[in-house]
Amino acid sequence: MLFYLPIKIVNFISYGYLRNCYMPKPGFKSITVSENVYNKFFRIYEKRKNHLELKGITSFSGYLTSMMEEMMIKHEAFAKQAPFMEKISIDSDRVLLKDNKKNRIVEVILKNGELICVLDEKTDCVHIGFVYSLPQVYMILNNKGIKAPKTLR
Ligand SMILES: [Zn+2]
């Protein structure tokens, strides 16, 4: 009983102390990263400190915030520019595509001298148009004496 009170007080004080150290200010949120990551970025920040101050960045967290904003802008620009159709693989009678607009894998097969889109069950959809535009496919079709339908030329 003699020691009970002091310990309680110590606990209370250290809890308050830790709270002040680790809890973000109102309107802020904190994230946790490994010490390695933190040190890496902090070293870069320290090296560039003078240069950053000219840009109005005066704290480490301000530096990270500006870095993240910059990256978001780049990422968004990249997403807009990403091609909406990508070639995955080309065989002699089958082409696999990734349609990024529909977010689907599309199979285009060569059947009876015609390219057919398995997804749309068509011979003249955007996927067929894309496949004809691939130089490798053009060569294969040319060797087989197959020409793109008039609607796609
Ligand atoms: Zn299609």
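How many helices and how many strands are there in the protein? I counted five helices and four strands. The model is a predicted one, and I kept that in mind for every entry below.

**Entry 1: order of elements.** I read the elements from the N terminus on and wrote down α-α-α-β-β-β-β-α-α.

**Entry 2: burial and contacts.** I looked up how much of the chain is buried. Of the 153 residues, 8% count as buried. I then took the contacts with a separation of 6 or more, and found that 21% of them join residues 24 or more positions apart.

**Entry 3: helix H2.** I turned to H2, which covers residues 35-54. What span should its 20 residues have? The rule is 1.5 Å a residue, counted for one less than the number of residues. H2 should therefore span 28 Å, and its end C-alpha atoms are 28 Å apart, so the two values agree. I also noted a kink of about 65 degrees in H2, centred on Arg-48.

**Entry 4: strands.** I followed the pairing from strand E1, residues 85-90. E1 pairs with E2 in the antiparallel sense, over five bridges. The two strands form a hairpin with three residues between them.

I checked what stands opposite Val-95, and it is Val-108 in E3.

**Entry 5: nonpolar core.** Which residues make up the largest nonpolar core? I listed 10 residues: Val-95, Leu-97, Val-106, Val-108, Leu-115, Cys-117, Ile-128, Phe-130, Val-131 and Val-137. At least two residues of this core come from each of strand E2 (94-99), strand E3 (104-111), strand E4 (114-117) and helix H4 (126-133). H4 gives the largest share, three residues.

Two names came back from the strand entry. Val-95, which stands opposite Val-108, belongs to this core, as does Val-108.

Entry 6: Last, I looked up what Val-137 touches. Leaving out residues up to four places away in sequence, I found Ile-90, Val-95, Val-131 and Tyr-132. Of these, Val-95 and Val-131 are core residues.

Note on methods: Residues are numbered from 1 along each chain as its sequence is written. This is a predicted model: local features need pLDDT of at least 70, side-chain atom pairs count only at pLDDT 80 or more; totals for chains, interfaces and linings use all residues. A nonpolar core is a set of buried Ala, Val, Leu, Ile, Met, Phe, Trp, Tyr and Cys residues joined through C-beta atoms within 7 Å. A residue is buried if 20 or more other C-beta atoms lie within 10 Å of its own, exposed if 12 or fewer, and partly exposed in between; C-beta atoms are placed from the backbone. Two residues are in contact if their C-beta atoms, placed from the backbone, lie within 7 Å. The bend at a residue is the angle between axes fitted to the seven residues ending there and the seven starting there. Two strands pair if DSSP finds at least two bridges between them.
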